[in-house]
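Work through these exercises with the model open beside you. Each task is followed by a solution in steps.

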Protein chains: 2
Amino acid sequence: MVAVTDDRPRILTVGSETPALVSGDLDDDDTLELAMRRLITDQVGLSVGYVEQLYTFGDRARARADGLRTVGVAYLVLTREVTTTGRWVDWYHLLPWEDRRGNAGSPVPGLMSGLERWAGRDRERRRRVQLSFGIGETPWDGVRALDRYELIYEAGLAAEWFVDHGEEPDDRDRFGEAMHLDHRRVAATALSRLRGKLSYRPVVFELLPETFTLSHLRRTVESLAGQKLHAQNFRRLVERGGLVEGTGRMVTTGGRPAELFRFRRDVLMERPQVGVGRL
Amino acid sequence: MVAVTDDRPRILTVGSETPALVSGDLDDDDTLELAMRRLITDQVGLSVGYVEQLYTFGDRARARADGLRTVGVAYLVLTREVTTTGRWVDWYHLLPWEDRRGNAGSPVPGLMSGLERWAGRDRERRRRVQLSFGIGETPWDGVRALDRYELIYEAGLAAEWFVDHGEEPDDRDRFGEAMHLDHRRVAATALSRLRGKLSYRPVVFELLPETFTLSHLRRTVESLAGQKLHAQNFRRLVERGGLVEGTGRMVTTGGRPAELFRFRRDVLMERPQVGVGRL
DNA sequence: GTAATAGTGTCTTTCAGACAGTATGAC
DNA sequence: GTCATACTGTCTGAAAGACACTATTAC
């Protein structure tokens, strides 16, 4: 479950110790999606709108405490942030290297050197690091969030690796806040999917109120993409693309008042690929 | 399992009656993917390369003969066509309305009028037909293959609808060849996914031999996209995009001999989004 | 007035799409 | 020679990216 507040994407967690995603067992629900909605209602008291099946995780390593093997079907849910019995945690606390809105370099000290040490002279490992993190000629690709988490996990730079392998943690640095079982991998999968979808489907609007300023829209996209966008061109892009329409109402912002816009649902009938364009 | 031969995409089926996809139960395999590879080896004697998780189907309606509920995790597998104990069937026999390489209009007589009849005066139904099939202002979008199958199913224009609802078929037309259970829905899901991926990932090359002519590449893409492409521009697109490199070897074709090209794997290091571009 | 944010005009480069043309084989 | 296929050159209009500029508020 994802929401964006104050320009920070957040995901909803439950549990008092390590944060966990809402989860539970399939019962005699008619569909997987209905089962998921039931679990959300029961555990955090929400009823949600936009949902999308994400990925199914079925490694044998997922065995539960009672020894039963589980197959987990993960869903991505987009919503506006509301108060709930769950706890919203900043997505970038879990995956801090994914937020490049600040100084564009490496905002997570020690991470790249840790990966370098892991890769050593291994050609294939070095290639994977280069491809995932955009080293040298290779540009950074926000969509590769899952690849990056998997590298970090394999390199023993995620706390979960030691839990999964029943080993004592060594004295190396760990990066990002750990989650229950493979839930952080699910969170990384969701980030990849959502970033990919932003550019060709109007999913951002699920995260925004009915009306919003163009700056608000842009900052929401930036927070999910993890990088800054060109403000003027973004404005033109969404207006000319027919993605939004002005309402005539204005709102004060600290500078010149901004017009409130709303999403034009009709745009779906006009163009097959509708989104905020390349990131 | 998908292959392209003679400019026609084909999927591998088993079973003597209605065609079915390779399927079977998860056993004590370490991962879902390994289970799938085992089933493919056992049932059609192949070992495959590119695989990708597609979707998980879990409606209660999927109950088996023994009454047990099943959750099915579908995978998309791309391969070169080889002889096997299975049977390759033309994807467009199953979903004939998806092939628009011929006369660009409606190549499946009776389909649109059947949908019109089903929609009647219902605004929402008419909107869905317009959006999925590209009526009026709305352009055709190859990626919406799943939407189209679902409409056809709901409209009672797919034979599976009557099987699923335990009803006697009426005298309306049915479109495309039916499959076992919900396997045709899986096939439609795969087509949507594959078409979407073509434009931003170099997946076509999984379906081609090591070397190929640019015409061969283009016709393979066309067969999957279900529509013709502009030959000259396609050539420039893939060459300038660094997607392929010439080998210097030529092959006779019936006209001027064509150069054989190969996929440039290095391109993945240079650009994050690599594919054949917009379709 | 300054600072801050909103919004516009325009230029350049890139790229998609279309068209016309040339090249090289089989027959 | 014709036919078929392969390949190249070039024009046009759309769109992406960058920059400079104006507008309207709070203080």
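Helices here are DSSP runs of H or I of at least four residues, and strands are runs of E of at least two, numbered from the N terminus. The model is a predicted one.

**Exercise 1. Find the residue that follows α5(B), and say which helices the buried residues of α5(B) pack against.**

Step 1. Locate the helix. α5 of chain B covers residues 145–154.

Step 2. Pick out its buried residues. They are B:A145, B:R148, B:Y149, B:L151, B:I152 and B:Y153.

Step 3. See what they pack against. The partners are α3 (111–119), α4 (123–133), α6 (159–165) and α7 (183–198) of chain B.

Step 4. Look past the helix. B:G156 follows α5(B), and its phi is positive, near 70°.

**Exercise 2. Work out how chain A and chain B are related, and through which surface the copies meet.**

Step 1. Read the symmetry. The two copies are thus related as by a two-fold rotation axis.

Step 2. Compare the two sides. Of the interface residues of chain A, 100% are also interface residues in chain B, so the copies meet through the same surface.

**Exercise 3. Describe the interface of chain A and chain B: its area, its pairs and its residues.**

Step 1. Take the contacts. 33 residues of chain A touch 33 residues of chain B.

Step 2. Take the area. The two chains bury about 2,900 Å² between them, with 49% of it on carbon and sulfur atoms. In chain A, the residues that lose the most area to chain B are A:Q53, A:R60 and A:M269, together 21% of what that side buries.

Step 3. Take the pairs. There are 4 salt bridges across the interface. 13 residue pairs are in polar contact there.

Step 4. Trace the elements. β3 (50–57), α4 (123–133) and α10 (267–270) of chain A each supply at least two residues of the side that touches chain B. The largest share, 4 residues, comes from β3(A).

Step 5. Sort that side by type. The residues divide into 11 nonpolar, 7 polar and 15 charged.

**Exercise 4. Is A:D99 buried or exposed, and which residues does A:D99 contact?**

Step 1. Find the position. A:D99 is in the loop between α2 (91–94) and α3 (111–119) of chain A.

Step 2. Apply the cut-off. Buried means under 20% relative accessible area. At 14%, A:D99 is buried.

Step 3. List the contacts. Leaving aside neighbours within four places in sequence, A:D99 touches A:R8, A:Y92, A:P107 and A:G226.

Step 4. Follow the charges. A network of salt bridges links A:R8, A:D90, A:D99 and A:R101.

Note on methods
Residues are numbered from 1 along each chain as its sequence is written. Chains are lettered from A and ligands numbered from 1 in the order in which they are written. This is a predicted model: local features need pLDDT of at least 70, side-chain atom pairs count only at pLDDT 80 or more; totals for chains, interfaces and linings use all residues. Side-chain values use heavy atoms; hydrogens and water are left out. Copies are superposed by least squares on the C-alpha atoms of residues with pLDDT of at least 70 in both. Contact means heavy atoms within 4.5 Å. Buried means under 20% relative accessible area, exposed over 50%, partly exposed in between (1.4 Å probe, protein chains only). Buried area is the accessible area (1.4 Å probe) that two parts lose on being put together, summed over both. A salt bridge is a side-chain nitrogen of Lys or Arg within 4 Å of a carboxyl oxygen of Asp or Glu. A polar contact is a pair of N or O atoms within 3.5 Å; within protein, one must be able to donate a hydrogen and the other to accept it, and residues adjacent in sequence count only if both atoms are side-chain atoms. Ala, Val, Leu, Ile, Met, Phe, Trp, Tyr, Cys and Pro count as nonpolar, Asp, Glu, Lys and Arg as charged, and the others, Gly among them, as polar.
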